[in-house]
Protein chains: 2
Amino acid sequence: MKTLRTVADLRSALAGHRREGETIALVPTMGYLHEGHLSLVRAARERAGVVVVSLFVNPSQFNEAADLEAYPRDEARDVDLASAAGADILFAPALDEVYPQGFGTQVRVGGALTDRLEGAHRGAEHFHGVTTVVCKLMNMVGPDVAVFGQKDAQQALVLRRMVADLDMPVRIDVAPTVREPDGLALSSRNVRLHGDDRRRALALHRGLQAATAALAGGERDAARLTAAARSAMDELGVQPEYLALVDPGTLDPLDAVDGREALLAVAARVGDVRLIDNTILIPDPVHTDATVATCLS
Amino acid sequence: MKTLRTVADLRSALAGHRREGETIALVPTMGYLHEGHLSLVRAARERAGVVVVSLFVNPSQFNEAADLEAYPRDEARDVDLASAAGADILFAPALDEVYPQGFGTQVRVGGALTDRLEGAHRGAEHFHGVTTVVCKLMNMVGPDVAVFGQKDAQQALVLRRMVADLDMPVRIDVAPTVREPDGLALSSRNVRLHGDDRRRALALHRGLQAATAALAGGERDAARLTAAARSAMDELGVQPEYLALVDPGTLDPLDAVDGREALLAVAARVGDVRLIDNTILIPDPVHTDATVATCLS
């Protein structure tokens, strides 16, 4: 695996592969790689002849200076992990390679996709920072496919909207959330969970599980499903910043799980670490058929 | 020349050329082609193996509904002209091919480049409309080079900023303004100049000429150069919306032509038609050397 620092070096490294018609995959990361990232690298490896992992802690998507400051970094470790997972190129540019003097362009996805959930709590600028840097990385690499994680479900939706709207010739694939054995969704921020906070951080997963169990028990109502989740979180003393049942394509709020898949998304602060998680609620097939029959009747 | 309507057809038509390593050039237009556009097509022809001319009247860059409504259209004529000038593909998509249901992404260049001159008078949204559609066209076509006209000098600067900032793998070339024999800069909007307005429209060029003559006579001061231009425009009863001496790279206002090239840009309404024009003021070499000597001393 090569570690490259400049767009020029990256492009020359890829030019030959592109001429040969090899498929190129991109896995954008902010580093401090964990098993979640590595699952994306492996998914990319299955899909492409050349796998590029980018490592760039993008300041413009941080809405809190303290979070950016505290974001963990360890490039030497990332090099070993990315290489072992099958990456061909680690692209780790410096800040001024990505945002040189005079930089002044922004790619924005507007509307509900960036206003709701994370957008409502971190501000839409967070997503504008994400779309801008990912658009740049796509143009630097020219991938056929880019792989993102389901843990950041809203981010994946926003990026798919950007790619469709700007006619970018790339496919976005989303890989499942990877969890610790106890269910905590992997996140680079988890290393900042100290003492009892590590245990309390389970609240998000427990909440999602409680709602899933309620659904399996026949509950369909959004208010009662989220109440079940809140109650489970409360047992660990964690209050959600948001906990919302929404359409997984549009993020429109749902009153109930009504025969189609629904996204249950949660964010919460545990100690000084902000965590997110989500699950797809799939209605029971029997109930689904009944609902469809009702709709058609 | 083929006329294509969909991104899918466009991409299949270009795929073979791209595999063969042929250079692809794009000339984005809003149609109603005139000799100015055709000079861009010929410039593209000299630079590339495949020349794509796009024809799309982009609603999002019009700040006045009446201007959009009145914008002249004649595709049959455009087909003949583009073909005769050497285009290989005319890409003329329908509105919903470019902006399908649910579209919600914008590419924005911020700061002085979009706030000043046209941005101050038409609003920065005009340029956001331009950058968004050009970003899309670039991604649809995947050109090696795109050719724009110097008449829209600010637009070319904004697009160069976008391409650099988003790392788009395309070069932007700018071709000189084409003029009528009497000096009027070609514009699709010129067909809307009726009666005496056609004669009065010369005011913009006459103003630029007056400033150029004043410079040749030794005048360097921005206020006096623009006063000379205003006076010439006034003779035709035309008042500029703006008339500004600026740095041709940053659009920063200049107090004088001080040894480097300066952009003198003008906009004015003649009848109900808004026109723009510009010229590069090049200081006299003797004066330039003197200025440099002064600066170095």
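## Paired strands between the chains

Two strands are said to pair if DSSP finds at least two bridges between them. In this predicted model, strand 5 of chain A, residues 105-109, and strand 5 of chain B are joined by 5 bridges and run antiparallel to each other. Within this pairing, A:Val107 stands opposite B:Val107, while A:Val109 has B:Thr105 as its bridge partner. Strand 5 of chain A is mostly covered, since 4 of its 5 residues are buried.

Of the area that chain B buries against chain A, 30% is supplied by B:Thr105, B:Leu166 and B:Asp167, which is more than any other three residues supply.

Polar contacts link 18 residue pairs between chain B and chain A, counting pairs in which both residues are at pLDDT 80 or more.

## Salt bridges within the chains

Over all chains, the structure holds 44 salt bridges. In chain A, A:Asp173 forms one with A:Arg47, with the closest N and O atoms 2.6 Å apart. This pair links distant parts of the chain, for A:Asp173 lies in strand 7 (residues 171-175) and A:Arg47 in helix 2 (residues 35-47), 126 residues apart.

In chain B, B:Arg200 forms a salt bridge with B:Asp197, the closest N and O atoms being 3.0 Å apart. Because these residues are 3 apart in helix 10 (residues 196-200) of chain B, about one helical turn separates them. B:Arg200 counts as buried, at 19% relative accessibility, and the cut-off that matters here is that buried means under 20%.

## The surroundings of B:Asp247

B:Asp247 is found in the loop between strand 8 (240-246) and strand 9 (262-270) of chain B, and because its relative accessibility is 14%, it counts as buried. A polar atom of the side chain of B:Asp247 lies 3.0 Å from the backbone nitrogen of B:Thr250. Apart from neighbours within four places in sequence, B:Asp247 is in contact with B:Asp252, B:Leu254 and B:Arg260.

With B:Arg260, the side chain of B:Asp247 makes a polar contact of 3.1 Å. The side chain of B:Arg260 also meets that of B:Asp258 in a salt bridge (3.8 Å, N to O). B:Arg260 counts as partly exposed at 42% relative accessibility, and B:Asp258 is likewise partly exposed, at 36%. In chain A, salt bridges that share partners join A:Glu64, A:Glu118, A:Glu241, A:Arg269 and A:Arg274 into one network.

Definitions and conventions:
Residues numbered from 1 in each chain as written. Chains lettered and ligands numbered in written order. Predicted model: local features only at pLDDT ≥ 70, side-chain atom pairs only at ≥ 80, totals over all residues. Heavy atoms only, no water. Buried area = accessible area lost by both parts, 1.4 Å probe. Polar contact = N/O pair within 3.5 Å; in protein donor to acceptor, adjacent residues only side chain to side chain. Helix = DSSP H or I, 4+ residues; strand = E, 2+ residues; numbered from the N terminus. Buried < 20%, exposed > 50% of the residue type's maximum accessible area, 1.4 Å probe, protein only. Contact = heavy atoms within 4.5 Å. Salt bridge = Lys/Arg side-chain N within 4 Å of Asp/Glu carboxyl O.
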